[in-house]
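Thanks for coming, everyone. I'll walk you through one structure today, a few elements at a time. Please keep the view open while I talk.

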Amino acid sequence: MVTIRVIVTGAAGRMGREMTRGLLQAEDIAVVGAVDRQQAGADIGTLNGLPPAGVTITTDLAEVIAATRPQVMVDFTVAAAALANARIAVERGVSPVIGTTGISLDQLDELHQLCEDRQVGAVVAPNFSLGAVLMMHFAGEAARYFPRAEIIEMHHDQKIDAPSGTALKTAELMAARIKETPKLLPVEEKVAGARGATYQGLAVHSVRLPGAVAHQEVIFGGQGQLLTIRHDTTSREAFLPGLLLAMRKVNQCRGVVYGLENLLEL
Ligand code: NAP
């Protein structure tokens with residue numbers, strides 16, 4: 001079995017910890033380095049309730065890459081840091097697999113160009129949950145027949161970006177399939193923002209509440225009917241199979257592959 005050498009950036013964060021915990025238990029993965037601004041010096045095994053892994057969290061990505069020679073960098077930080085990290089990785093021949101959300105399409109283009117120049121594959125996936133990817137796929141299909149729709153996404157109250165990367169991606173997929181955008185009647189908002197944000201011509205509503213993990217529903221309206229497509233992530237473990245899939249396929253990618261669905265045969 002071929003072992004993939006991987007480093008995790010954002011390893012002390014909520015996602016970084018949960019994914020590191022899963023990666024440490026995957027047979028074909030060797031976690032050789034971990035980077036974060038928090039928990040410097042902590043062992044990534046003990047930090048995650050596992051036996052010591054012999055890998056500690058450090059703060060300098062370039063140094064970790066030079067010392068550990070990874071093939072893949074998994075990133076769960078914040079958008080600005082993820083882009084800076086990806087540049088450092090790609091320039092050193094390391095493939096980024098980025099789960100961090102909030103990266104703009106322009107920034108993705110820039111990263112794609114750098115990856116092409118350096119002949120390094122990358123995956124950027126705002127959602128690694130297979131169920132969520134299927135939800136987006138089905139929403140895209142339904143948009144061909146129901147051009148009127150709104151997206152409601154709900155996350156825990158520690159999430160700092162809104163709308164979620166998944167909601168934006170869903171709107172992009174749907175907008176690409178809506179043949180003719182219907183004319184909407186103007187609505188007088190008695191309270192600013194009452195109709196949500198508009199992205200790609202679709203209303204997007206963001207809910208942030210303690211107790212939530214990651215949830216989204218897309219409601220389609222047609223004559224005399226409503227169709228709701230909904231996905232609920234009840235635990236962060238949901239993201240591990242998709243992350244592993246991306247890590248195992250990233251070396252076959254050319255440039256940036258944006259969205260887990262592009263690694264599946266849908
Ligand atoms: P979090 O708990 O805040 O963790 C982020 C970690 O990254 C923090 O420890 C943070 O340190 C650290 N960090 C920030 N900038 C850094 C830098 N320049 N170098 C090294 N470490 C840095 O956030 P989270 O809930 O894990 O979410 C992380 C990202 O994953 C978010 O963008 C979220 O939307 C995304 N996400 C993606 C998926 C998916 O399936 N793709 C699923 C869930 C979440 P500080 O506290 O010092 O800033």
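**Helix α1 and what packs on it**

Let's start with helix α1, residues 14-24. Its buried residues are Met-15, Gly-16, Met-19, Thr-20, Gly-22 and Leu-23. Look down the axis of α1. Those buried residues fall within an arc of 160 degrees, so they line one face of the helix. What lies over them? The cover for the buried residues of α1 includes strands β1 (4-9), β2 (29-35) and β4 (72-75), along with helix α7 (240-249).

One caution before I go on. This is a predicted model. Please keep that in mind for every value I quote.

Now move to the loop between α1 and β2. That is where Asp-28 sits. Is Asp-28 buried or exposed? Its relative accessibility is 10%, and under 20% counts as buried, so Asp-28 is buried. The side chain of Asp-28 makes a polar contact of 2.7 Å with the side chain of Arg-248. Leaving aside residues up to four places away in sequence, Asp-28 touches Met-1, Val-2, Thr-3, Ile-4 and Arg-248. Remember the cover on α1: it includes β1 (4-9) and α7 (240-249).

**The ligand**

Next, the ligand. How many residues surround it? There are 20, and the closest are Met-15, Arg-37, Gln-38, Thr-101 and Phe-128. You have met Met-15 already. It is one of the buried residues of α1.

A ligand oxygen is 2.6 Å from an N or O atom in the side chain of Arg-37.

**Helix α4**

On to α4, residues 105-118. Here is a quick check on its length. At 1.5 Å a residue, the 14 residues of α4 should span 20 Å. The end C-alpha atoms are 20 Å apart, so the two values agree.

Which residues of α4 are buried? They are Leu-108, Leu-111, Leu-114 and Cys-115. These residues cover an arc of only 125 degrees around the axis, so they sit on the same side of α4. The face away from the buried side carries three exposed residues, Asp-106, Asp-109 and Asp-117. Back on the buried side, the cover includes α3 (79-91), β5 (95-98), β6 (122-124) and β12 (256-258).

What follows α4? Gln-119 does, with a positive phi near 55 degrees. Gln-119 is not a glycine, yet its phi is positive. This residue belongs to the loop between α4 and β6. Its relative accessibility is 67%, and over 50% counts as exposed, so Gln-119 is exposed.

Arg-69 lies in the loop between α2 (61-68) and β4. With 60% relative accessibility, Arg-69 counts as exposed.

For a cis peptide bond, go from Ala-162 to Pro-163. Omega there is near -5 degrees. Pro-163 is in the loop between β7 (148-155) and α6 (165-177).

Back to α3, one of the elements covering α4. Asn-85 is in this helix. Asn-85 has a relative accessible area of 14%, so it counts as buried. What does Asn-85 touch, not counting residues up to four places away in sequence? Its contacts are Thr-9, Leu-61, Met-73, Asp-75 and Thr-77.

Last stop, Thr-58. You'll find it in strand β3, residues 57-58. At 32% relative accessibility, Thr-58 is partly exposed. Beyond residues up to four places away in sequence, Thr-58 touches Ala-34, Val-35, Asp-36 and Val-64. Ala-42 is 16 residues from Thr-58 along the chain, and their C-alpha atoms are separated by 8.4 Å.

That's my tour. Questions, please.

Definitions and conventions
Residues numbered from 1 in each chain as written. Predicted model: local features only at pLDDT ≥ 70, side-chain atom pairs only at ≥ 80, totals over all residues. Heavy atoms only, no water. Buried < 20%, exposed > 50% of the residue type's maximum accessible area, 1.4 Å probe, protein only. Helix = DSSP H or I, 4+ residues; strand = E, 2+ residues; numbered from the N terminus. Arc of directions from axis to C-beta. Contact = heavy atoms within 4.5 Å. Near = heavy atom within 4 Å. Polar contact = N/O pair within 3.5 Å; in protein donor to acceptor, adjacent residues only side chain to side chain. Expected span 1.5 Å × (residues − 1).
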